[in-house]
Amino acid sequence: MPPLTLPTKVFFGVGAISALILPKARVLIVRSASVADTHVQELYDVSAKAGAEYHMITKSPGEPHSADINETFSRCPKDIKAVVGIGGGSTLDFAKALALLYVSGGSIEEYEFGPATIRGALPLFLIPTTCGTGSEVTPYCVINNSKTGRKFTLSHQSLQSVQAAVDPGLLKELPAHAQLATALDAFTHCLEALLNTSGNRLIDPISEAGLQIAWKRIGHILSEKTPEEIRNDLATLSLYGGISIAHNRTGLIHTLSVAFAEYCDLPHGLLNAHLTAYALRHNLAGYDGRLAAVISRMTGKDIATDAKALEVMSDWLRKNIGSDAFAPAPTAENQEKIVRRILQDKGLPGVSHGIIDEASLNATVAEILT
């Protein structure tokens, strides 16, 4: 069994940004436009304390697109020695991509299928302002190819941050609907890590703790102003989700989500939630009690069968997803493209309980589109 490693030094709690130890060098700070100036000032203070110089850029809203990454990199100073990212998952991925280009060169889309090979990245210092992707502790970077529209994931140990500051207080500035979407993403990270058939079982207690937080807290996000205790738990859920997928890759839920993304105007976490029941049903015959065991530990209830576990999970998701519409365009052409995109995930059969082939996926995608 692979060892349990966490190369990122994580500072957790209110004021965690001030604990970061930046190098005495010129650093690039990549911020979301929505990040409050008070938190940026904290970074300025950290830079001054370290004797570091900084160059600040503000990432435009939306997912990271390859054209924006390449154009931004062309304008960045060339003497940068480390990259700091503060914002949501898209901003952290943008920061990772820039750090990669400083060391590995080229344009970012060249790393999707080649010919470029990742040789490394500048040291990363990441500060999440949402409670979903866990990007601050994962070796992944998700990019949209501006030419093809295809979303792709880069994976390399150099894309794992050296240090991360997880401050639950930053969630006070995150709207409730965004808290919900990102928390649902973290939930699916924990769930899929536990259902990974070739996963590192040493990580299971962390993933299970994340699911228990999700079960306890997600239902309160839209119904009330999120108090400090819940913000702490949501930040912990996100961190646990990131650690989970850093050791156990995601499965059919996330692969479906990537394939459906261009047809659905929904945040990633909400799209995951809408697709979860379909993915679980696709794999249902192969769980052999695993799903029942996982959902029993999540809920604290004794669930006897996988079918009952699917029912419990489906009911819980319907209750908590909210009113966001899920209406992908139901055309035969879309179905063919979606199935073809799922089959491009060559690692999916190795982690799934169900059969992953064209016929079974066509049936599941047709059900989703109906």
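Here are some questions and answers about helix packing, cavities and a pocket in this predicted model.

Me: Let's start with H2 and H3. Are they parallel or oblique to each other?
Reply: Helix H2 covers residues 66–75 and helix H3 covers residues 89–104, and their axes come within 10 Å. Those axes cross at roughly 55°. Angles under 35 degrees count as roughly parallel and 65 to 115 as roughly perpendicular. H2 and H3 are therefore oblique.

Me: Which residues of H3 make the contact with H2?
Reply: The crossing of these two helices is right-handed. On the H2 side, the contact is made by Asp68, Ile69, Asn70, Thr72 and Phe73. Facing them from H3 are Phe94, Ala97, Leu98, Leu101 and Tyr102.

Me: And by class, how many residues in that contact of H2 with H3 are nonpolar?
Reply: Asp68 is among the H2 residues in the contact, and Asp counts as charged. By class, the contact of H2 with H3 has one charged and two polar residues. The nonpolar ones number seven.

Me: Over to H6 and H10. What is the handedness of the crossing of H6 and H10?
Reply: Helix H6 spans residues 204–217 and helix H10 spans residues 290–299. They pack at an angle of about 60° with their axes 7 Å apart, and are therefore oblique to each other. The crossing of H6 and H10 is right-handed.

Me: How many charged residues are in the contact of H6 with H10?
Reply: H6 brings Asp204, Glu208, Leu211, Gln212 and Trp215, while H10 brings Arg290, Val294, Arg297, Met298 and Thr299. Asp, Glu and Arg count as charged. The contact divides into four nonpolar residues, two polar and, for the charged class, four.

Me: What about H5 and H8: which residues of H8 make the contact?
Reply: The axes of H5 and H8 come within 9 Å and cross at roughly 135°, and the two helices are therefore oblique to each other. From H5, the contact uses Asp185, Thr188, His189, Leu191 and Glu192. From H8, the residues are Leu252, Ile253 and His254.

Me: Now for the cavities. Which helix gives the most to the lining of the largest cavity?
Reply: The largest cavity has a volume of about 110 Å³. Its lining has 15 residues, with Glu192, Leu195, Gly251, Leu252 and Asn283 nearest the centre. Helix H5 (176–195), H8 and H9 are the elements that give two or more residues. With three residues, the one that gives the most is H9.

Me: The second largest cavity is next. What is its volume?
Reply: The structure holds two cavities of 30 Å³ or more. The volume is about 50 Å³.

Me: Last one: which helix supplies the largest share of the lining of the second largest pocket?
Reply: That pocket has a volume of about 450 Å³, and 25 residues line it, with Gly149, Arg150, Lys151, Val258 and Glu262 nearest its centre. Helix H8 (252–260), helix H9 (268–283) and helix H12 (332–343) each supply at least two residues. The largest share is four residues, and it comes from H12.

Methods: Residues are numbered from 1 along each chain as its sequence is written. This is a predicted model: local features need pLDDT of at least 70, side-chain atom pairs count only at pLDDT 80 or more; totals for chains, interfaces and linings use all residues. Side-chain values use heavy atoms; hydrogens and water are left out. Axes are lines fitted to C-alpha atoms, for helices over the stretch in contact, and angles run from 0 to 180 degrees between N-to-C directions. Angles under 35 degrees count as roughly parallel, over 145 as roughly antiparallel, 65 to 115 as roughly perpendicular and the rest as oblique. A crossing is left-handed if the near helix is turned anticlockwise from the far one by less than a right angle, and right-handed if clockwise. Contact means heavy atoms within 4.5 Å. On a 1 Å grid over the protein atoms alone, a cavity is a set of points where a 1.4 Å probe fits but cannot get out, and a pocket is an open set with protein on both sides within 12 Å along at least five of seven lines; lining residues have an atom within 4 Å of a point. Grid points are joined across faces, edges and corners, and a volume is the space filled by probe spheres set on the points.
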